[in-house]
Amino acid sequence: MKPVLLIDFGSTYTKVTAVDVEAEKILGTAASYTTIETDINNGLRNALAQLEKACGKLIFSETYACSSAAGGLRMITSGLVPELTSEAARLASLGAGAKVIKVYSFQLTEDDLDEIRAIKPDIFLLVGGTDGGNTDCILHNARMLATMAPTFPIVIAGNRTAARECQRILQDCTVHICDNVMPKFGVLNIEPTQKQIREIFLKRIIQAKGLSHAAELLDDIMMPTPSAVLQAMTLLAQGCDGEAGIGDLIAVDVGGATTDVYSIADGMPRQMNTVYKGLPEPYAKRTVEGDIGMRYSIHGIVDAAGINAVAALSGLTADRVRELVDYLGTHTDVVPGDDPELEALDYALASLAIETAVSRHAGTIEETFTMMGQTFVQSGKNLTDVRQIIVTGGSLIHTKRTAQIAAHALFDPANPASLRPMRAEIRVDRTYIIAAMGLLSSHYPQAALRILKKELENNGYPEQTNSR
Amino acid sequence: MENTHRKKVLVIGVIGADVHAVGNKILYHAFTEAGFDVVNLGVMVSQEEYIAAAIEANADAIVISSLYGQGELDCRGMREKCDEAGLKGIPLLVGGNIVIGKQSFEEVEKRFKAMGFDRAFPPGTPPETTIEALHELLDDKA
C-alpha cells in the first residue's frame, strides 16, 4: 500500500481524499466546514481526523493540494477589441482556474482604475494587439496602471513589440512577460500565460491567503481547484500512456454560487458548408456562470430561464416558486431532504442551471442563404458529437433524478441553434474526487485515470436524450 | 526602433453573405508574395470583423472582395464605421463583381469613391493591379 493524500481547500469546505496509488483505489474521503477567518488549518485537521476515523491511521507518502479558498484566484484582464484579444485574455484566465472579476477592452479610464483599486485583484492580465499590430492601447493601459502603483502582479501577454516598453513603464511593479495570447489574428496561444498564472498563484497567492502554514505540510503542486478539475477532465478524455481515455466530454459542476462548465473537444465545424466565425476556442475550455447557482445565485437561474419555465418543470405555481426562491436565496444552507416541494423546485432549478450554463458554453449555428445555396455560420464549439457528460454538485448527487437533470445539457430540438450533444452517457462524481484526481495526475496519471474511470463508471446512466 | 522594417499589414476578406473562397485564397497568396503581412478573414465577413481585425493588427489598409453582386449594399457605411472606430483615413479598397448587371464601371467607381473607398476595381482585375495601387497608397507613408 502506498497512500497519497489529496487536499482541496474550498471556500466553505476542506475536502480530503486518501488514495492508494499501488492498488489504484480510493481509501476514503472526508470534508470539514472551514472559513479562512477561522484558520484554514483547523478545517484540515478536522477533515483528517474524520478520515482517520473512517480508514484508520494512514501514513501518507505524499501530499498534494489545490485551493479555491478566500474567493479563489481573482483576476482582472484588459485587452483591445472585446471579441478578439480581450476574449483571448478571458479564456486564458478561466482556463488557468481563475475567477475573472472584470474584463476591460480598449483604453482604461480613470473610472476603471477606481474600480480596479476597489476589486484588488490577485493578478492583472494585460494584453492587446497581435504581434506587430496595435501598440497604443497596451502602452496606454500600462501607463494608466502605473499611476495607481499596483501591489498586485501584472502579467503582460500582448503585442510582443510593446512588451519591454510596458515592462519599463511598470518597472516599480511585479511584472511577468509572456508570449502574446493572440500572436496572429484568430490564433490563440494561451498556455504560456496559464503557466505563468499558476506559478504566481503558487508563489504569492498561497502566502497572501493564509495557506502558507498548510503549504508546509505539502510536497508539491498547489493549483487553483478549477485548474485541477480541467487537468482531470483532459486526462479522462485523452487518456495517457498505457490507459485510454473516454473521448470528448463535457463536465458541469452546479454549485451554490456559480456553475462551472468544462468541455474537452475541438468543436470545429463538421460540414463543408459551414463557415466558422470568431475566435477559435481552446480544446480544453472552461466557463464559469457567476449568476447561475443553486442558492447564492438562485435568482440568476430564475432571471435566465424565466419564472414560467421553473414553474412548469417543478409543477409548482409561479407564486409559490417566487416565495421559495426568495426563501432559499437567504437560507443558503437549506437542502430539500424529504420535502417534496423543495425537491421538485431543486429539480427544476438544477435542470435549468445546467441548460443555461451549457448553452452559454456551447457554440451556436445559424443558417443563412447565399447565392451558392444554404450555408451555415458557426461560432463557438460544436459539441453535438460529444457522448459523455460528467456532472457534480449537491443538487445532482442528492437526488434520484440525476439523469433527467443532466439531460438538460443535451441538444434541445426547440433550440436547434445551440450546439449541445445529441445524446450522451451521464456520469456522476458522487464523492467529489475529480479535483483530487487532477492533482494526482501530475505524478500518477495512470492511477488517477483508472480511479476516475472506475468511480464514474460505477455512477453512470446509459445514453440519454433531451426528451422534452 | 525594431519596427523600421515592419511589413505593411493588409486585412482582406469577402464581404457579406458571399462564400466565394477561391479568389480570396489567390489574393492572399499574391499579397503575401508581394511582401505584405496579410490577415485573411476568409468568406462571409462583416464590416465589424474587418474593423476589429484592423484595430488589433494595426492594419495599413483593408481590401474587400465581393463576387455575388451585393457589394454595394454590403459596403455602405464602411468608411463611417472605420472613422467611428478610430481607423480614420485607413485606405479602403474593393474589387470583384461588386455590382449587378451591365453598368459602366466609371459610374460604379464614382459611387464607391463617394462612399469613401480609395480604390474600386472592376471584374477580372489581376492581383498585380491591386498591388500597384496598394504601393501607391501606402509607400509614401511612414
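Student: Which strands of chain B does helix 1 lie across?

Tutor: In this predicted model, helix 1 of chain B, residues 22-33, lies across strand 1 (9-14), strand 2, strand 3 (61-66) and strand 4 of chain B, and helix 1 runs at about 170° to strand 1 of chain B.

Student: And what does helix 2 of chain B touch?

Tutor: Helix 2 of chain B packs on the sheet as well, where it touches strand 1, strand 2 and strand 3 of chain B, and its direction makes about 165° with that of strand 1 of chain B.

Student: What's the strand order in that sheet, and is the pairing parallel or antiparallel?

Tutor: The sheet of chain B is open and has 5 strands in the order 2-1-3-4-5, with parallel pairing. Strand 2 and strand 5 (119-121) of chain B stand at the edges with a single partner strand each, so one side of each is left without a neighbour in the sheet. On average, neighbouring strands of this sheet are turned by 20° against each other, direction ignored.

Student: How many bridges hold strand 4 and strand 5 as a pair?

Tutor: Strand 4 of chain B, residues 92-96, pairs with strand 5 of chain B in the parallel sense over 3 bridges, and the bridge partner of L93(B) in strand 5 is R119(B).

Student: Switching to the loops: what is the phi of M44(B), and where does the residue lie?

Tutor: M44(B) has a positive phi of about 55° although it is not a glycine, and M44(B) lies in the loop between strand 2 and helix 2 of chain B. As background, most residues other than glycine have a negative phi.

Student: Buried or exposed, that M44(B)?

Tutor: M44(B) counts as buried, because it has 22 C-beta neighbours inside 10 Å.

Student: What about N58(B), what is its phi?

Tutor: N58(B) also has a positive phi, of about 50°, although it is not a glycine, and N58(B) is found in the loop between helix 2 and strand 3 of chain B. With 20 C-beta neighbours inside 10 Å, N58(B) counts as buried, the cut-off for that label being 20 or more.

Student: Now the interface: how many residues of each chain are in contact?

Tutor: In the contact between the chains, 17 residues of chain B meet 19 residues of chain A. On the side of chain B that touches chain A, strand 2 (37-40) and helix 2 (47-57) of chain B each supply at least two residues, and helix 2 of chain B gives the most, with 5 residues.

Student: How do the residues on that side of chain B divide?

Tutor: The side of chain B that touches chain A divides into 10 nonpolar, 2 polar and 5 charged residues.

Student: Over to chain A: where does helix 2 bend?

Tutor: Helix 2 of chain A bends by about 25° at A88(A). The 14 residues of this helix, 82-95, should span 20 Å at 1.5 Å a residue, and the end C-alpha atoms are 18 Å apart, which agrees.

Student: How many of its residues are buried?

Tutor: In helix 2 of chain A, 12 of the 14 residues are buried, so to speak mostly covered, and the buried residues include L84(A), E87(A), A88(A), R90(A) and G95(A). Helix 2 of chain A is followed by G97(A), whose phi is positive, near 90°.

Student: Last one: what is S78(A) in contact with?

Tutor: Leaving aside neighbours within four places in sequence, S78(A) is in contact with Y104(A), L108(A), L126(A) and N141(A). S78(A) is found in strand 5 of chain A, residues 74-78, and counts as buried because it has 28 C-beta neighbours inside 10 Å. S78(A) and L108(A) are 30 residues apart in sequence, while their C-alpha atoms are 8.0 Å apart in space.

How values were computed. Residues numbered from 1 in each chain as written. Chains lettered and ligands numbered in written order. Predicted model: local features only at pLDDT ≥ 70, side-chain atom pairs only at ≥ 80, totals over all residues. Helix = DSSP H or I, 4+ residues; strand = E, 2+ residues; numbered from the N terminus. Contact = placed C-beta atoms within 7 Å. Nonpolar A, V, L, I, M, F, W, Y, C, P; charged D, E, K, R; others polar. Expected span 1.5 Å × (residues − 1). Bend = angle between axes of the 7 residues up to and from the residue. Pairing = 2+ DSSP bridges. Axes fitted to C-alpha atoms, helices over the stretch in contact; angles between N-to-C directions.
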